[in-house]
Every structure is written in C-alpha cells, then in structure tokens.
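Welcome! Have a look at the picture, and then read on.

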Amino acid sequence: MTMADKAHQVFEVYGESKCFDDDGRIKRTGSVWTASAHIITAVIGSGVLSLAWATAQLGWVAGPTVLLLFSFVTYYTSALLSDCYRTGDPVTGKRNYTYMDAVRANLGGFQVKICGVIQYANLFGVAIGYTIAASISMVAVNRSNCFHKQGHQAACNVSSTPYMIMFGVMEIIFSQIPDFDQISWLSIVAAVMSFTYSTIGLGLGVAQVAETGKIEGSLTGISIGAEVTEMQKIWRSFQALGAIAFAYSYSLILVEIQDTLKSPPAEAKTMKRATLISVAVTTVFYMLCGCFGYAAFGDQSPGNLLTGFGFYNPYWLLDIANVAIVVHLVGAYQVYCQPLFAFVEKTATQWYPDSKIITKEIDVPIPGFKPFKLNLFRLVWRTKFVIITTVISMLMPFFNDVVGILGAFGFWPLTVYFPVEMYIVQKRITKWSGRWICLQILSGACLVISIAAAAGSFAGVVSDLKVYRPFQS
C-alpha cells in the first residue's frame, strides 16, 4: 500500500476533521504570510546583488523597463500556475503536490519527463549558485577586515574554497530537516536577512549618490570602447537578461509552497495574494537596489554590489550585510532543495517499499525537545548531494555567469511555457482564440529572451575559464 492509499484510508475513517485535510493528510497550516515568506526567501536572494551590474549593461531606459516587464510576467504566469494546484474544481479538485504532479495531471506524456529534468536540474544548479554566492560573501567579510587594517591598496587575496566547504557542512546539517512544512521558521529568518542586506546595499547606494551629488550612468548602459568591445556589449546585455530572470525565478517551487497552505479560503486565492504581495515587494526592492547601485557606480558597477568592493566603509556594516547574505542563503538553499530531496526519497520508497534503510526512521533523543527522526537513506543521499554541489562550486565559482545560465535555463520552460500550457488545458481555452494567441505570443517572446540570455551567459563562462585556475585565490 502506498503512502497516498494510507492517507485516503485515514481520511475515510476520520473525514474532514480538525486534524486532516480532504486528501487525508495532516491538516496544513500555511497562510498568506508564510507563503509570502517562502517566496521572498526564494526570490530576494543573491540575484538582487547583481542587479546594479545588470542595469549598467542595459542603461537607464532598458534596465528599469526590463525589471518591470519581468515582474509582470512572473506575477501573471505564477497566477496561472496557482490555478493548476487542483485539477478540475479549484476548491474540491484533486491536489497536485508538486510542479511535476501538476504537469502530469494537465499535460501528461513526454512533457512530464521534460519538466522533471528541467526543474530538478535547475534546483541542482541553484544549489551550486547559492554555494558560490555564500562563499563570496564570507570571503568579502575577510577581505573587508583586511582592507580596514592594511588599507584599500592591499592585495588581501583570499581563497573561497575553505568557505565553500564551511557552507557545505552547514547545509549537510540543515538538509536533515525532513520536509518543506518544517522549514517555515528557517524561511522567516532568511526573509528577514534578505531585507537586511538588501536595505544595506540600497542605503550605501543612496549614501554614495548623496555624497558625490552626481548620478552616474547613461541611457544606453556601459560604453563601447575603453570598457568593452561591441560584441562584449551584446553578450553582456544578454547576460544581464539572464541575471534579471534569475532574480525573479521561483515558479519551480510555487506548487510545493502552495501545498503548505490551509483552506478555506481556496489555496489558489491565498497563493495569488501571496504572489502579489511578494512580487510587489521584491520589485520595489529590485528597482531601488539596481537603480541606486547603477547611479552610484555607473559603468563600474560591480557584479555583486556588496562583495565587489565598490564600497569599503563602513566596513562593519558591510560585514553585517555579508553575514546576513550567508544566513539567508542557508535558508534559501533549503527552500529550493527540499522539493528535489522529496522527489528522490518518494521515488526510492516507491521502488523499494520494503527496504528498511529507505523507510525506517530512528528516534534520536534530544534533551528538552522531541526526538529527532533520523532516516539513514535521507542522511546518506542528502549529504552526498551537498558534497557534489560544493565540489562543482569550487571548480566553477563564476557568480554572474552561473546566475545568468540558471536564469536563462529555468525562466522560459518553468516560469512561462508549462504554466501557460497547463492553464490553457485547465480552462479549456480554444485554440486560435484571441486569448490563446496572446498567451502563445507571451510564451514565444520569453523563449527568445531565454535563448539570448543563455548565449550571453555561456559566452561569459567561456571567457572566464580561459583565465581561471581552480582552488587558487
């Protein structure tokens, strides 16, 4: 008997009670605020720190315009996706617990496999990107203190490798948290941290502009000539699109977040409110951080606003911001990886239902708390996952390029194509009708943007690999 069968058996006995939902599972407790915290934790991540650089590549006209366009597309397609959490009736229809379940219920066939490969490859990539970003921030704390003691002209070269290992050890510990529903406290802490460092970055940008009394930058972005060639300008502009797409990417975990919500009201209604709140808040932050960062540094805007040392002082404030980034990324790593962990463990249970290594949980007593349930398969597989992502991060620690690739790779299929196609099926929208054509135009335009962003980001990786030496500072 599968876990789903057991759940339905429980529901048949107890009915829709105070303890169980309509699918027989323990009653969900998530609200619009916990969902917003999960989304903000996922969205306001390391991507916000590259927005000044992205705005510098595009200029004062295209930069803010692209930010607004991406926010609109993200909100609109997330609203479409939230309607696909239940198949059929939006209140009583069958629940889809994961993004892949929603694709299976609405599209089926080969598209489910394609979706699974893209979604879980993207989650794997995000783990690598966050490991890189966290190590860069830890290195920045070390370098900031070095510059404070030895002066701004000191070399202060620091290897990121030990810090990646340190971050990996932390994630091995937090990865033992069994499932998504038990990390809401971590998401809330991480969301607070994301506001902390975003606000510091914004404040330093505002202070720089106020101090110099001058707004840097131009209408068309970084100048061709001394800084970049014409071809580099094109590649960097494409890469900037990927960086902005990454900054808004969270659709790949939207269904999993929605599955934590209590009802009534209908989960889709709560999720749309949470999405509106989260995207509005993040867009305001993104516009402020991207624009003030660009206004402060112009063409010299660093790839990472708080670690590129556009700012040196106050050094203690930079240290606080970078520590907040690390704490946030510890939580964000879990928010993104828990769906991947759950998929692998669910699949293993289905394949080997009688294996005690996979199914048995051992109670580990913790003084003053409930016993921790340790599962040997979870311990070994999640530890191995974190080790692999950490090693890959050491081999290719290119923050902006990795961010651009992840944004390009995940944006069109997961944020646009699948939500649009599932919504068309769910709402039975007639082919070649006005609404169908508009949705297909939106999907096609986003595909072109994703291809351009991928091309620019891969060109950046090729360029960086020519000069990079692994494991050296």
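Let us begin with charged side chains: the structure, which is a predicted model, holds 6 salt bridges. As background, side chains of opposite charge can pair when their charged atoms come close. Three of these pairings are set out below.

| Salt bridge | N to O distance | Where the partners lie |
|---|---|---|
| E267 and R86 | 2.9 Å | helix 10 and strand 1 (residues 86-87) |
| E267 and R95 | 3.1 Å | helix 10 and strand 2 (residues 94-95) |
| R382 and E345 | 2.7 Å | helix 13 (residues 376-395) and helix 11 (residues 315-351) |

Taken together, R86, R95 and E267 are linked in a network of salt bridges.

Are these residues buried or exposed? E267 has a relative accessible area of 1%, so this residue is buried. R86 is buried too, at 3%, and R95 is likewise buried.

**Another pair of helices**

Next, look for R382 and E345, whose side chains meet in a salt bridge. R382 belongs to helix 13 and E345 to helix 11, so the pair ties together parts that are 37 residues apart in sequence. Both of these residues are buried.

**Inside helix 10**

Now return to helix 10, which covers residues 267-297 and includes T282. Which residues does T282 touch, leaving aside those up to four places away in sequence? The answer is V43, I44 and Y248. T282 counts as buried because its relative accessibility is 1%, and buried means under 20%.

**A nonpolar patch on the surface**

Finally, turn to the surface. There, I357, I362, V364, L376, L379 and V380 form a nonpolar patch, with about 460 Å² of accessible area together. Strand 3 (361-364) and helix 13 each supply at least two residues of this patch. The largest share, 3 residues, comes from helix 13. One member to pick out is I362, which lies in strand 3. I362 is partly exposed, with a relative accessible area of 36%.

Conventions. Residues are numbered from 1 along each chain as its sequence is written. This is a predicted model: local features need pLDDT of at least 70, side-chain atom pairs count only at pLDDT 80 or more; totals for chains, interfaces and linings use all residues. Side-chain values use heavy atoms; hydrogens and water are left out. Helices (H or I, at least four residues) and strands (E, at least two) are DSSP runs, numbered from the N terminus. Buried means under 20% relative accessible area, exposed over 50%, partly exposed in between (1.4 Å probe, protein chains only). Contact means heavy atoms within 4.5 Å. A salt bridge is a side-chain nitrogen of Lys or Arg within 4 Å of a carboxyl oxygen of Asp or Glu. Patches are made of residues with over 30% relative accessible area and no salt bridge: like charges are joined within 9 Å, nonpolar side chains (Val, Leu, Ile, Met, Phe, Trp, Tyr) within 5 Å. Accessible areas come from the Shrake-Rupley method with a 1.4 Å probe; for residues, only the protein chains shown count as cover.
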